[in-house]
Amino acid sequence: MFSIALDQLKDGAVLCEDVRDTSGRLLLTKGQPIDAGQIRLLKIWGVPEVQIQEPDQAVASEKSDIDGDNRLKLERTVQTIFQHIDTGHPAINLIYRMAIEYRSQKDLFIDFGPRQPLPEDFKLDLYNGLKTQIQFSEVHLPESPEIISEFNKIVDDPNSSANDIAAVVSRSPSLAALLLKIANSAAYGCVSKIDTLSRAVAILGTREVGVLAMVISSVQFFRDIPKDLIDMSAFLRHSLSCGLLSRILGAQAKMPHTERLFLAGLLHDIGRLVWYRYFPEQAKLVLNMARNTGLSLYEIEKECMGISHTQIAGYLLSKWKFPDTLINGIVFHHNPLRSPEPAEPSVVHMADIAINALGLGHSGGHIVPHFDPRGWHLLGIAPGALKTALDQTVQQVDIMTELFAGF
Ligand SMILES: [Fe+2]
Ligand SMILES: [Fe+2]
């Protein structure tokens, strides 16, 4: 059974629950296929959504625009990527429908190839045969790049001024140019043009620019990872989309630190970049295994490597002295309820699921990760608002990606 908004409902969908108006009056009975006239009437009666038997009944017209071959690929793609989560949940059901729509528009089909059964001893096989499992003692995390340490000192010092941070930023022309572009972008809503760094910092705030610069410098630190391991432009698109959606969802949930949510979304999978850069052979095996078995990359890396990208991110960002409040949203994005402060990780959790589903870039995996409905309910956001947030993200991500292009 699937909840579906009326504007997604198509001719011929079969109701699996009676439809009543707000006063309880029976409008349509279950088991009945619905026609266009009835859909119009339901809208007039103010019915927001109905229950139908199959989610595919809602996308008939979207699918009719693509040919049979591509339709088959689209169905296989979406069924495969959603195989581990309950598409009957209203928020996931909405994301499922949006994934079909977006992926068909952009031809985002994935050929997973024939599924290979998971060997019973796959963990041991990797551990004994290929020595993939990594002991944490073997992970020598990189030292913080000098520029990040300098931003840290400024962020920590309550007496630091806009000029202090502008002086550090200006030593990296690409960072300075990017910060100016970001400060002038619509996302910050500044009316007049900001043409100097010290003015940008004065308007945006010393601490905010300091943390933003730390985040951008961390992404840049990992930029020369070989393309055959991960396409960094796809990784950046995944990260930016997750940041944008996290910020919008945070605003919808009336959370106070939406900018921090943007940064947490931007950095949420940075732990994977540590794998790709320092353990490329193991990472390659794990990526192949995720692709061949249909398990989520997060599950496989925990099993095979013995440590997840979220744990690695926690160690790395603590070592680099990022604020704990920011680290919280990153470390718990796959298990938000394990955090003592679950609200922000719950936002990133939902954003990551939606971004993976639509295929707005990727961080190595293609399967939609595990969903914890408790995190979603904590936010108190209606599924309709999630649709608006995701639509806005799709609109904004190209502009944002362009801002970061060439950085
Ligand atoms: Fe992740
Ligand atoms: Fe992710």
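**Iron site and helix H9**

His 238 has 0% relative accessibility and therefore counts as buried (under 20% relative accessible area, with exposed over 50% and partly exposed in between; 1.4 Å probe, protein chains only). The model is predicted: local features need pLDDT of at least 70, side-chain atom pairs count only at pLDDT 80 or more, and totals for chains, interfaces and linings use all residues. Residues are numbered from 1 along each chain as its sequence is written, chains are lettered from A and ligands numbered from 1 in the order in which they are written, and side-chain values use heavy atoms, without hydrogens and water.

Donors are N, O and S atoms within 2.8 Å of the metal (3.2 Å for Na, K and Ca); water is not among the atoms, so sites may look incomplete. His 238 belongs to helix H11 (residues 232-252) and Asp 352 to helix H18 (residues 343-358), so the pair ties together parts 114 residues apart in sequence. Helices are DSSP runs (H or I, at least four residues), numbered from the N terminus. Asp 352 is also buried, at 2% relative accessibility. Asp 269 coordinates both this ion and the iron ion (ligand 1), and the two ions are 3.9 Å apart.

In helix H9 (residues 197-204), the buried residues are Leu 197, Ala 200, Val 201 and Leu 204. They fall within an arc of 95 degrees seen down the axis of H9, so they line one face of the helix; the arc is that of the directions from the helix axis to the C-beta atoms. Gly 205 follows H9, with a positive phi near 105 degrees.

Technical notes: Helix = DSSP H or I, 4+ residues; strand = E, 2+ residues; numbered from the N terminus.
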